[in-house]
Amino acid sequence: SVLLSLWLMALSNLSFAGLAAIGHDNWAMAAAIGFENLASGIGGVTVVAYFSALCDLRYTASQYALISAAASVVGRVLTGTSAGWLIETVGYVNFYLLTTLVALPGIVLF
């Protein structure tokens, strides 16, 4: 399920690259957003299950809080400080292609 989630998340980024390449199209936007919501829903459930499996039953609350907070902070700091600049530099299509490409090593490592 984690591998499926990783692929779906990467493909959802690719769908936004396609949307950016197409331009203004409400149906393409609805499809990209719908697919991204599906991928995020499956990915969210998988992440919760995976993090829960990593925790010791005696310390579940503390360990889960630390793991989820660390993942959230790292993701927000990296994307929050670089995404806007990167989009202005390379454009939306190349940005989403880059995010898809960056996801591939994680899939391979998993």
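**View 1. The largest pocket holds about 1,200 Å³ of space.** This is a predicted model, where local features need pLDDT of at least 70 and side-chain atom pairs count only at pLDDT 80 or more, while totals for chains, interfaces and linings use all residues. A pocket here comes from a 1 Å grid over the protein atoms alone: it is an open set of points where a 1.4 Å probe fits, with protein on both sides within 12 Å along at least five of seven lines, and lining residues have an atom within 4 Å of a point. Points are joined across faces, edges and corners, and the volume is the space filled by probe spheres set on them. Of the 29 lining residues, Met 9, Asn 13, Gly 75, Thr 79 and Ala 103 are the closest to the pocket's centre.

View 2. Helix 3 gives the largest share, with 8 residues. By class, the lining has 20 nonpolar, 8 polar and 1 charged residues. Ala, Val, Leu, Ile, Met, Phe, Trp, Tyr, Cys and Pro count as nonpolar, Asp, Glu, Lys and Arg as charged, and the others, Gly among them, as polar.

**View 3. Phe 95 and Tyr 96 form an edge-to-face aromatic pair.** Their ring centres are 5.3 Å apart, with 70° between the planes. Rings of Phe, Tyr and Trp (its six-membered ring) pair if their centres lie within 6.5 Å; planes under 30 degrees apart are stacked, over 60 edge-to-face and the rest tilted. Phe 95 counts as buried because its relative accessible area is 11%, whereas Tyr 96, at 21%, is partly exposed. The cut-offs are under 20% for buried, over 50% for exposed and partly exposed in between, with a 1.4 Å probe and protein chains only. Ring pairs also tie Phe 16, Tyr 92, Phe 95 and Tyr 96 into a cluster, and the whole structure has 5 aromatic pairs.

**View 4. Thr 46 sits in helix 2.** Is Thr 46 buried or exposed? Thr 46 is buried, since its relative accessible area is 10%. Skip its neighbours within four places in sequence, and Thr 46 is in contact with Ser 1, Val 2 and Ser 5; contact means heavy atoms within 4.5 Å. Ile 87 is 41 residues from Thr 46 along the chain, and their C-alpha atoms are separated by 29 Å.

**View 5. Gly 18 belongs to helix 1.** With 31% relative accessibility, Gly 18 counts as partly exposed. Phe 35 is 17 residues from Gly 18 in sequence and 12 Å from it in space, C-alpha to C-alpha. Residues are numbered from 1 along each chain as its sequence is written, and side-chain values use heavy atoms, leaving out hydrogens and water.

**View 6. Zooming out, the protein chain has 4 helices and 0 strands.** Helices (H or I, at least four residues) and strands (E, at least two) are DSSP runs, numbered from the N terminus. The C-alpha atoms fill a box of roughly 50 × 25 × 25 Å along the principal axes. Of the chain's 110 residues, 19% count as buried.
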